[in-house]
Amino acid sequence: MKNMLPKNWVETDLDTVVLRMTNGSSLKQEEEPFEGSLPISRIETIWNETIDLDRVKYVDASEEDIKKYGLLKGDVLFSHINSDKHLGKTAVFNLDQTIIHGINLLLLRAMPQFDGDLLNYILRHYRFSGKFIEVAQRSVNQSSINQKKLKSFAVPLPPLAEQQRIVAKLDELFGHLDTLKTRLNNIPQILKNFREAVLTQAVIGKLTEEWRVGKELGNEYRSIQSEDFREINTDVPDEWVVLAFSSVASINSNLVNPDLYLELPYVTPDCIEKESGQLIKEQLVEDIKPVSDKHLFEANSIIYSKIRPYLSKLTIANYRGLCSADMYPIKTELILEYLFYYMLSSQFLSYANTAGTRSVLPKINQKGLSKIPVLVPSKEEQTEIVKRVEHLFAKADKIEAQYQTLKTKIDSLPQAILAKAFKGELVAQLDTDGDAKELLEEIQRLKAEEKKKARKKSTKKSNIKISKKEIIKPNPEFPLYSVLLNYSKGLSEKELYKLSGLSQHLFLTQFDKELESGMIKYDVENKMLVKVVSK
């Protein structure tokens, strides 16, 4: 990296440019604010890489707590224990209010000669490029990165004036990017609304209203003696008829032993995308080997999930196969695609969801399905409706494909912008900025002074005489240390976790805190046994 550094830049490590790296407060947290309370950060607080005040809890913090754990402008919160996807997420604090730093995030406070916003961007750059995952410690469902590893990360150090220009440029570019993403994120909902509107207009006759003008349209379905159906909730074109679902379609229940049909496709509700009718997973009976009997269906059937009908899970099967007992194989006298689109529409859904009552049902039975009214045009008009719906859906699909391509490109922009920034290609390097070597020397001098002050405080503390009884007294601030007081030979990390009684997430946070504080350490000779530090 040093050979690639821009003019007047130097490379150092994170430990050098950070004044403070600490765990947060373990004060008792409340869900709702109360008199005198202050917000405290949680993992969820930085979910979108900003400080989200809707995702905090509240604590009763003393003046000492505020002094020790209160966030300052420019502080960076870092998610050091999380799932792989979210590990290393950061947010920089720049709010005009008091917020307490909570235990589940690390706080990184930059040296005065190093811009906190720039630190935040550097950490984002490392996260996007996968550097944190490379060094993370893995456990069930989550990963972690300790302070020692984090402090060792190489950091580019530009002159201070250039740091400020880089931050200003990045703020500008990411602001534009956020605006673009917000607009782009509206497209899926717009397309969803469009498709829903097309289906609604199709099944109530509006989509083909002009097409019907001047045509002598009969309706071969007028002769069908309909069974009872529920009250319709829309106007019906004169040329159309209303029939009960059971009068135009039938549920072909045919339960069979799946062991006899291992080579056939097997459709379950999770194979179908909700609201679209798209089959998103293909599988054979032999892949799943279901135990109980399943429905055997013939080609040209609609497979409809009766479980949670509000999800609108149905698909057309142009093949013979099996489906789960939670689904209805449906055959129809109508144009197959017309009934399919009718069943996807909000018109049908309004009936399926309630099945004659005001409550949303967890499933719809055959009786409820049979009484749903179906608006039926002639076969000629059904064909025209299907053609128009498919034409409009094809246009929507094309726009959606363009959206996905654009989204992929935009999602890759943050990493490209940050990479450019830390190669020195985002803003100009000016001779008037000076050389970062001098800046680094100043930082190192101040760091040395801070360490000297810390050693003096430590010496004063070490001169205080403490009895053995006081040493072994359990310490609520260091619960792992307290557990180890009872095990002179130490414990493995796994044993300590079990005996601590802490959740896995809290254990990892506390373990990192006590390890960094020097309350516990690794006994190298005994291979990872955790041992109380001798006093």
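Glu49, Arg124 and Arg127 are joined in a network of salt bridges, a salt bridge being a side-chain nitrogen of Lys or Arg within 4 Å of a carboxyl oxygen of Asp or Glu. The structure holds 25 salt bridges. This is a predicted model, in which local features need pLDDT of at least 70 and side-chain atom pairs count only at pLDDT 80 or more, while totals for chains, interfaces and linings use all residues. Residues are numbered from 1 along each chain as its sequence is written, and side-chain values use heavy atoms, with hydrogens and water left out.

**Salt bridges between distant parts of the chain**

- Lys57 forms a salt bridge with Glu31, and their closest N and O atoms are 3.0 Å apart. The pair links distant parts of the chain, 26 residues apart: Lys57 lies in strand β4 (residues 57-59) and Glu31 in the loop between β2 (18-22) and β3 (38-40).
- Helices (H or I, at least four residues) and strands (E, at least two) are DSSP runs, numbered from the N terminus.
- Lys57 is buried, with a relative accessible area of 17%, whereas Glu31 is exposed, at 52%. Buried means under 20% relative accessible area, exposed over 50%, and partly exposed in between (1.4 Å probe, protein chains only).
- Glu239 forms a salt bridge with Arg212, the closest N and O atoms being 3.6 Å apart. This pair also links distant parts of the chain, with Arg212 in helix α8 and Glu239 in the loop between α8 (209-212) and β12 (241-244), 27 residues apart.
- Glu239 is partly exposed, with a relative accessible area of 28%, and Arg212 is buried, at 9%.

**Helix α15**

- The side chains of Glu449 and Arg445 meet in a salt bridge (3.2 Å, N to O). Because Glu449 and Arg445 are four residues apart in helix α15, about one helical turn separates them.
- Glu449 is partly exposed at 36% relative accessibility, as is Arg445 at 45%.
- Lys456 also belongs to helix α15 (residues 436-462), and Lys456 is exposed, with a relative accessible area of 54%.

**An open sheet**

- Four strands form an open sheet with mixed pairing, in the order β14-β16-β19-β15. Its edge strands, β14 (255-256) and β15 (266-267), each pair on one side only.
- Strands β16 (residues 294-297) and β19 (residues 321-323) pair in the antiparallel sense over three bridges; two strands pair if DSSP finds at least two bridges between them.
- Leu296 has Leu322 in β19 as its bridge partner.
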